[in-house]
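Look at the sequence and the model first, then read on.

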Amino acid sequence: MTDSAGAAAGATGLDSRTREAIEQIVQAVRAGDDARIRALLTDLAAVADTAALLYLREQLYAPR
């Protein structure tokens, strides 16, 4: 079972391309840019694993 601390720890194992895609998705979500979100999710899907998806979830729910 992974908690948010485990997801954060897993983020250190993400490659820079994945981490950058996640950061861009979070920015697009907060800006409400639906077209950019779709494009970025397509890019992330090509490289994402479970750890990346958990990290994305954590970042989306993190307080601003």
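The model discussed here is predicted.

**The helix pair**

Helix H2 covers residues 16-31, and helix H3 covers residues 34-45. They pack at an angle of about 160°. H2 and H3 are therefore roughly antiparallel to each other. Their axes lie 9 Å apart. The crossing of H2 and H3 is left-handed.

Which residues of H2 and H3 make the contact? H2 contributes Thr 18, Ala 21, Ile 22, Gln 24, Ile 25, Ala 28 and Val 29. H3 contributes Arg 36, Ile 37, Leu 40, Leu 41 and Leu 44. By class, the contact of H2 with H3 has 9 nonpolar residues, 2 polar and 1 charged.

**The nonpolar core**

The largest nonpolar core has 12 residues in all. They are Leu 14, Ala 21, Ile 22, Ile 25, Val 26, Ala 28, Ile 37, Leu 40, Leu 44, Ala 52, Tyr 55 and Leu 56. Which element gives the most? H2 does, with 5 residues.

| Residue | Residues in contact |
|---|---|
| Thr 18 | Leu 44, Val 47 and Ala 52 |
| Ala 28 | Asp 33, Arg 36, Ile 37 and Leu 40 |
| Gln 59 | Ile 22, Val 26 and Arg 30 |

Take Thr 18. This residue is found in helix H2. Is Thr 18 buried or exposed? Thr 18 has a relative accessible area of 3%, so it is buried. Among its contacts are Leu 44 and Ala 52, and both of these residues belong to the largest nonpolar core.

Ala 28 is itself a member of that core. Ala 28 touches Ile 37 and Leu 40, among others. Ile 37 and Leu 40 are also on the H3 side of the helix contact.

Gln 59 sits in helix H4. Its relative accessibility is 24%, so Gln 59 counts as partly exposed. How far apart are the C-alpha atoms of Gln 59 and Ile 25? They are separated by 9.5 Å, with the two residues 34 residues apart along the chain.

Note on methods
Residues are numbered from 1 along each chain as its sequence is written. This is a predicted model: local features need pLDDT of at least 70, side-chain atom pairs count only at pLDDT 80 or more; totals for chains, interfaces and linings use all residues. Side-chain values use heavy atoms; hydrogens and water are left out. Axes are lines fitted to C-alpha atoms, for helices over the stretch in contact, and angles run from 0 to 180 degrees between N-to-C directions. Helices (H or I, at least four residues) and strands (E, at least two) are DSSP runs, numbered from the N terminus. Angles under 35 degrees count as roughly parallel, over 145 as roughly antiparallel, 65 to 115 as roughly perpendicular and the rest as oblique. A crossing is left-handed if the near helix is turned anticlockwise from the far one by less than a right angle, and right-handed if clockwise. Contact means heavy atoms within 4.5 Å. Ala, Val, Leu, Ile, Met, Phe, Trp, Tyr, Cys and Pro count as nonpolar, Asp, Glu, Lys and Arg as charged, and the others, Gly among them, as polar. A nonpolar core is a set of buried Ala, Val, Leu, Ile, Met, Phe, Trp, Tyr and Cys residues joined through side-chain atoms within 4.5 Å. Buried means under 20% relative accessible area, exposed over 50%, partly exposed in between (1.4 Å probe, protein chains only). Lists of a residue's contacts leave out its neighbours within four places in sequence.
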